[in-house]
Amino acid sequence: MKLFKSIRHNAQNLAENAKKNVDVKKIEFTIKGVKKENTLLYAQIGKLVYTCKKSGKPIVSKEIDDLCAQIDGNRIKVAGLESKLTELNSQSKAAAEDDIPLNVAPISKNERDLRLVRTDEGVRFMKFCPNCGGANEPDSGVCASCGYSFKSEK
Ligand SMILES: [Zn+2]
């Protein structure tokens with residue numbers, strides 16, 4: 001059954017997209033945190049230099065080196081996360097363009113109209129069973145999934 005496969009496939013896409021959105025939020029949050037950390041590290045270097053200058057002591061380059069190394073590490077981390085983010089965003093954009101929302105939830109008896117669905121053959125109308133929610137050919141008299149008679153309704 002191509003249609004059912006396609007509906008499952010689509011539901012899977014929706015789930016994947018939802019997961020991607022969560023991932024994007026997480027990554028954005030992490031990037032923000034790392035950038036903030038770097039701002040503090042820069043400030044620490046500045047304070048260190050200022051304190052040394054003021055007290056006339058030589059600048060402790062070991063400490064500054066450590067801080068710089070931390071900053072560099074964070075910058076590499078941010079670059080990696082940003083490229084991951086770009087990848088995720090372009091993926092969900094492509095998926096969204098390919099997506100026609102499916103309405104496959106069981107429907108009430110007076111709502112047993114045809115609905116637009118995406119199948120492997122393209123977008124088309126299908127008739128949804130008010131009893132089990134199964135998808136049927138628009139001209140079916142009986143539900144292929146549960147045997148519900150569409151004709152007995154009126
Ligand atoms: Zn049915």
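In what order do the three strands of the open sheet stand, and is the pairing parallel or antiparallel? The order is β1-β2-β3, and the pairing is antiparallel. The legends below take the views one by one.

**View 1. The whole chain is a predicted model of two helices and three strands.** This is a predicted model: local features need pLDDT of at least 70, side-chain atom pairs count only at pLDDT 80 or more, and totals for chains, interfaces and linings use all residues. Residues are numbered from 1 along each chain as its sequence is written. Helices (H or I, at least four residues) and strands (E, at least two) are DSSP runs, numbered from the N terminus. Along the sequence, the pattern reads α-α-β-β-β. The chain has 154 residues, and 5% of them count as buried. Buried here means 20 or more other C-beta atoms within 10 Å of the residue's own; exposed means 12 or fewer, and partly exposed lies in between, with C-beta atoms placed from the backbone. Two residues are in contact if their C-beta atoms, placed from the backbone, lie within 7 Å. Among contacts with a separation of 6 or more, 44% join residues 24 or more positions apart.

View 2. The scale is pLDDT, the predictor's confidence in each residue, from 0 to 100. Its mean over the chain is 79, and 75% of the residues reach 70 or more. Where pLDDT is low, the predicted coordinates should not be read in detail.

**View 3. The three strands form an open antiparallel sheet.** Strands of a sheet pair through backbone hydrogen bonds, either parallel or antiparallel. Two strands pair if DSSP finds at least two bridges between them. Here the order is β1-β2-β3. β1 (114–119) and β3 (135–136) are the edge strands; each has a single partner strand, so one side of each has no neighbour in the sheet.

**View 4. β1 meets β2 over six bridges.** The pairing with β2 (residues 122–128) is antiparallel. V117 has R124 in β2 as its bridge partner. R118 stands opposite V123 in β2. R115 also lies in strand β1. R115 counts as partly exposed because 17 C-beta neighbours fall inside 10 Å. R115 and A135 are 20 residues apart along the chain, and their C-alpha atoms are separated by 9.4 Å.

**View 5. β2 and β3 form a hairpin.** Six residues lie between the two strands. In the turn, G133 has a positive phi of about 85°. The strands pair in the antiparallel sense over two bridges. F128 stands opposite A135 in β3.

**View 6. C146 sits in the segment after β3.** What does C146 touch, not counting residues up to four places away in sequence? C146 touches C129, N131, C132 and G134. C146 counts as exposed because it has 11 C-beta neighbours inside 10 Å. C146 and G133 are 13 residues apart in sequence and 9.3 Å apart in space, C-alpha to C-alpha.

**View 7. K35 lies in helix α1 (residues 2–55).** K35 is partly exposed, because 13 other C-beta atoms lie within 10 Å. K35 and R75 are 40 residues apart in sequence. In space, the two stand 7.9 Å apart, C-alpha to C-alpha.
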